[in-house]
Amino acid sequence: MADYQLVIIGGGLSGLAAGIRAARFGLSTLILEQHSLPGGLNSYYHRQGHLLETGLHAMTNFAPVRDKRAPLNRLFRQLKLSRKRFVTREQFGSQIIFPQAALDFGNDPDVLIESVRKAFPGYEKAFIRLVREMEEFDPFSPTPWRSACAFLHERLDCPLLEKMLLLPLMVYGNAEERDMDLAQFAIMFRALFLEGFFRPEKTIREFLNLLLDQYRAFGGELRFRTPVDNITVKDGRAVGVRLKDGTHISADQVVSTVGLPATVRLAAWSADPARYVGQMSFMETISLLPEAAARRLSQDRTILFYAMDENWEYGRPDGLIDPSWGVVCFPENFHGIARPELCQLRVTNAASYERWHRVAHTDYSQAKEDCVEQSRQAVSKIVGNYGGDIVYQDSFTPLTIERYTAKDGGAVYGSPTKIRDGRTPFDNLYIAGTDQGFLGIVGSMLSGVTIVNQHILR
Amino acid sequence: MTRDEIKDLILEIIEDIDEDAEFDELDHDAPLRDQLDLDSMDFLDIVMELRKRYKLQIPEEEYPELATLTSCVNYLEPKLKDV
């Protein structure tokens, strides 16, 4: 008999969700996490007495408790967590800002429809038809890749509006440069424009602890600080994992959530891992500002998606970062969140992993500082100057992301190649998480749930 | 198990899956899915719960037998008669 019926590599959101499903139905399950904290891309760290969240700006896919079929509520049922006791805080409202126009959106799709009507007179009907089409669209039926850019142009024939709609959908979940698969577009369109943003009442830490407690209550085991050296394979099957410290753990089935390139490497399957490395990475800076300053800058907006050029393209920059477009998030701007003395302003810009990789060790701090400054100057044009308000600041680069999340190239949305059914060349080794194709916190957890339902519990 | 006990068992499992399930106006001969607004993922949980509790293996092609409360009872009655 194997040591465990299921070993899951990675204690991020997809790994924890997969673990809860398996443990709930009595499978002996072990999660292996390389770091000392759970969460993967969506974790947290402490600096100078502040808990800072990585990844999370907001959760997408908001749904009220009564809407049973909504992804968020299905997820809670699958994990046997009480949705009623999970307190959600909805966004104030968000904005897409281009030089020529701005669009507002919130958790009610009518806000965006009304905003399109005002900013793009004559395009309202086409946009409403698009919204209806996205409501009906089945993004989960297996279909070949189809260009979201071409689709959107066919439906709207208004280049500026098309770009403006694509910006948030791409920056919150597209692993490809320049274009996006239509199915992925539809998933993101629903998650952001039809369902919307919310936060858990507290921080990601409490949310992760809720998942950990549930997993352990069902008898699941988790080891932190336990990096995996390889997946041991015999006769076309995974038989277990060997840890970096040399220990071997045998398993009937293995689920890997560390992404496609890393899984290819761990199982030494005959493919070139470099082919699967995603190109989109980001630099993020968290600034702490006095409450009054954050209020002045945010003007009651939650997340701003900005581009300073109407010809904006989603892609890896030539320089270390591209401050000309990005995301500005005010994480306290959700209904019912208590405002602390110091509020956060988070800025995310596209960054080039390759360029960061080539920076000499001794120049890294300076390069980071320069980029933080470039980013601040750009964002000041969008929200107003805040240079004098910064009490504390911390930032992370594609190199930081790679180090802490096992995502090759710091590619937060993983590989442009997605393995929808989670299968690998090995019978009992499956991929879950970012490279299975569902993104965001709710999406990655549904990925873990789906892979266990389809392959492990059957 | 008697037919009534099986009925209670199914309702109890559903209640466990969905904290908001309402059974007051449940039509025993109409599909559970539509009435309770459940999806295929929830249905898998009924199957998994039966497996966990009674070591009952229900093959995928027989899942439609669980469509209504009455069909559940008909299908499970012989399988749970010694429980």
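Which residues in helix 4 of chain A meet which residues in helix 5 of chain A? In this predicted model, local features need pLDDT of at least 70 and side-chain atom pairs count only at pLDDT 80 or more, whereas totals for chains, interfaces and linings use all residues. Residues are numbered from 1 along each chain as its sequence is written, chains are lettered from A and ligands numbered from 1 in the order in which they are written, and side-chain values use heavy atoms, with hydrogens and water left out.

In helix 4 of chain A, the residues A:Ala126, A:Phe127, A:Leu130, A:Glu133 and A:Met134 meet A:Phe151, A:Leu152, A:Arg155 and A:Leu156 of helix 5 of chain A, contact being heavy atoms within 4.5 Å and helices (H or I, at least four residues) being DSSP runs numbered from the N terminus. These residues divide into seven nonpolar, no polar and two charged, where Ala, Val, Leu, Ile, Met, Phe, Trp, Tyr, Cys and Pro count as nonpolar, Asp, Glu, Lys and Arg as charged, and the others, Gly among them, as polar. Helix 4 (residues 124-136) and helix 5 (residues 148-156) of chain A pack at an angle of about 135 degrees, with their axes 9 Å apart; axes are lines fitted to C-alpha atoms, for helices over the stretch in contact, and angles run from 0 to 180 degrees between N-to-C directions. Helix 4 and helix 5 of chain A are therefore oblique to each other, given that angles under 35 degrees count as roughly parallel, over 145 as roughly antiparallel, 65 to 115 as roughly perpendicular and the rest as oblique.

Between the chains, the contact takes 21 residues from chain B and 20 residues from chain A. Together the two chains bury about 1,900 Å², 41% of it on carbon and sulfur atoms, as accessible area (1.4 Å probe) lost on being put together and summed over both. On the side of chain B, the most area is lost to chain A by B:Glu19, B:Asp37 and B:Met41, together 29% of what that side buries.

Nine salt bridges are counted between chain B and chain A, each a side-chain nitrogen of Lys or Arg within 4 Å of a carboxyl oxygen of Asp or Glu. Among them, B:Asp42 and A:Arg77 meet through their side chains at 2.8 Å, N to O, and A:Arg74 meets B:Asp39 at 2.6 Å, N to O. The latter pair crosses from helix 2 (residues 71-78) of chain A to the loop between helix 2 and helix 3 of chain B.

How values were computed. Helix = DSSP H or I, 4+ residues; strand = E, 2+ residues; numbered from the N terminus.
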